[in-house]
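Okay, everyone, thanks for coming.

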Amino acid sequence: MTKKLEDMSLEELWQLFPIFLEEHNKDWETWYKEESRRIVNFLPANQLYKMHHIGSTSIEGIWAKPIIDILLEIPRSEDMGSIQRKLLEYGYLLMSESEGRMSFNKGYTLQGFAERVFHLHLRYYGDHDELYFRDYLKAHPDVAKDYEKLKLTLWKKYEYNRDAYTEAKTDFIRLYTQKAKKLYKRRYDDKIE
């Protein structure tokens with residue numbers, strides 16, 4: 001009997017889906033736009049507040065894991081469970097869940113990564129620190145390059161430990177997110193991007 005992804009241990013998943021980085025690919029923005037249009041087509045308009053391309057694939061000129069991160073903000077009045085059901089129906093897998101947050105992926109197969117891989121972060125409107133970090137890196141190419149250097153340093157060390165790789169970047173991300181929040185004030189709290 002073939003094992004399902006959901007039945008694999010974390011270690012087995014990390015072996016099948018190691019950390020790897022590649023040079024920025026101009027197609028990533030197109031992939032984001034195509035996938036976001038697809039999501040808009042199957043989610044009712046009232047359940048969708050705003051979608052954003054986040055993560056390193058949204059920053060031109062830096063190496064990144066070729067995984068498109070999408071932040072999907074929904075109105076606070078909406079039920080995450082109904083959106084979860086729709087995402088599962090349209091090919092997403094639930095990765096993790098916590099209070100007011102769900103993470104999904106698409107493009108993980110028993111043979112490894114598909115050509116296009118997505119991580120979708122489902123949040124209530126206003127839970128969007130990633131936007132500040134993204135915009136700070138876009139506006140400060142020197143900091144973006146420092147982030148790239150950090151990731152390249154961590155890549156081989158944590159190739160088969162995604163949690164450790166993510167944790168090792170946390171202080172850097174937190175520092176520049178806080179700088180961005182001071183610089184940009186409440187940029188995203190008052191208007192739609």
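In the largest nonpolar core there are 22 residues, and the ones touching the most other members are Ile39, Ile70, Tyr92, Leu120 and Leu122. By nonpolar core I mean a set of buried Ala, Val, Leu, Ile, Met, Phe, Trp, Tyr and Cys residues joined through side-chain atoms within 4.5 Å. Buried is under 20% relative accessible area, exposed is over 50%, and partly exposed is in between, using a 1.4 Å probe and protein chains only.

Which elements give two or more residues to this core? They are α2 (27-42), β2 (67-74), α3 (80-89), β4 (101-109) and β5. The largest share, five residues, comes from α2. Those labels are DSSP runs numbered from the N terminus: helices are H or I with at least four residues, strands are E with at least two.

Take Leu120: setting aside neighbours within four places in sequence, it is in contact with Ile39, Ile70, Leu72, Leu87, Tyr92, Met102, Ser103 and Phe104. Contact here means heavy atoms within 4.5 Å. Apart from this core lies another, with 13 residues, including Tyr136, Val143, Ala144 and Phe172.

Quick housekeeping: this is a predicted model, so local features need pLDDT of at least 70 and side-chain atom pairs count only at pLDDT 80 or more, while totals for chains, interfaces and linings use all residues. Residues are numbered from 1 along each chain as its sequence is written, and side-chain values use heavy atoms, with hydrogens and water left out.

Now find His119, in strand β5 (residues 112-124). Is His119 buried or exposed? Buried, with a relative accessible area of 9%. Its side chain makes a polar contact of 2.6 Å with the side chain of Tyr108. For a polar contact we want a pair of N or O atoms within 3.5 Å; within protein, one must be able to donate a hydrogen and the other to accept it, and residues adjacent in sequence count only if both atoms are side-chain atoms. Not counting residues up to four places away in sequence, His119 also touches others, among them Ile67, Asp69, Met95 and Arg162.

Next up, helix α5, residues 141-157. This helix has 17 residues and reaches 25 Å from its first C-alpha to its last, close to the 24 Å expected. The expected span is 1.5 Å times one less than the number of residues. Buried in α5 are Val143, Ala144, Tyr147, Glu148, Lys151, Leu154 and Trp155. Looking down the axis of α5, these buried residues fall within an arc of 145 degrees, so they line one face of the helix. That arc is taken from the directions from the helix axis to the C-beta atoms. They pack against α4 (129-139) and α6 (162-184). Turned away from that side are the exposed residues Asp142, Lys149, Thr153, Lys156 and Lys157.

Last topic: charges. Side chains of opposite charge can pair when their charged atoms come close. A salt bridge is a side-chain nitrogen of Lys or Arg within 4 Å of a carboxyl oxygen of Asp or Glu, and the whole structure has 14 of them. One joins Glu159 and Lys156, with the closest N and O atoms 3.9 Å apart. Glu159 is buried at 18% relative accessibility, whereas Lys156 is exposed at 54%. Another links Arg123 to Asp127, at 3.6 Å. Arg123 is buried, at 5%, and Asp127 is partly exposed, at 22%. Those two also belong to a network of salt bridges with Arg101 and Glu130.
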